[in-house]
Amino acid sequence: MQAERKEKCNHVIKDLFAAARERNLSVEHIEREAGLGSNVMRCWRTRKEPLLGNVIAALSVMGLDLMVVKRNG
């Protein structure tokens, strides 16, 4: 059994990685198509706060977009 990875990232980033897994897209492919540097997305999981434009570019590669919605409660 593989050890569970500790991720300190925001739920948006977790959802981005889940979407990539669902589409069988590698992080390297998304980084390349989005014009991001190598290993940029990997740093989002544990060390770096991503730039909003970079998140939108990565989502765009997967045919997704970011939307602001009202919180429940």
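Buried means under 20% relative accessible area, exposed means over 50%, and partly exposed lies in between (1.4 Å probe, protein chains only). The model is predicted, so local features need pLDDT of at least 70 and side-chain atom pairs count only at pLDDT 80 or more, while totals for chains, interfaces and linings use all residues. Residues are numbered from 1 along each chain as its sequence is written, and side-chain values use heavy atoms, with hydrogens and water left out.

**Exercise 1.** Determine how many salt bridges the structure holds, and describe the pair formed by R23.

*Solution.* A salt bridge requires a side-chain nitrogen of Lys or Arg within 4 Å of a carboxyl oxygen of Asp or Glu. The structure holds two. In one of them, R23 pairs with E22, and the closest N and O atoms are 3.9 Å apart. R23 is partly exposed because its relative accessibility is 33%. E22, at 64%, is exposed.

**Exercise 2.** State which residue forms a salt bridge with E28, and locate both partners.

*Solution.* The partner of E28 is R42, with 2.3 Å between the closest N and O atoms. The pair links distant parts of the chain, 14 residues apart: E28 belongs to helix 2 (residues 27-34) and R42 to helix 3 (residues 40-46). Helices are DSSP runs (H or I, at least four residues), numbered from the N terminus. E28 is partly exposed at 39% relative accessibility, and R42 is partly exposed at 36%.

Definitions and conventions:
Helix = DSSP H or I, 4+ residues; strand = E, 2+ residues; numbered from the N terminus.
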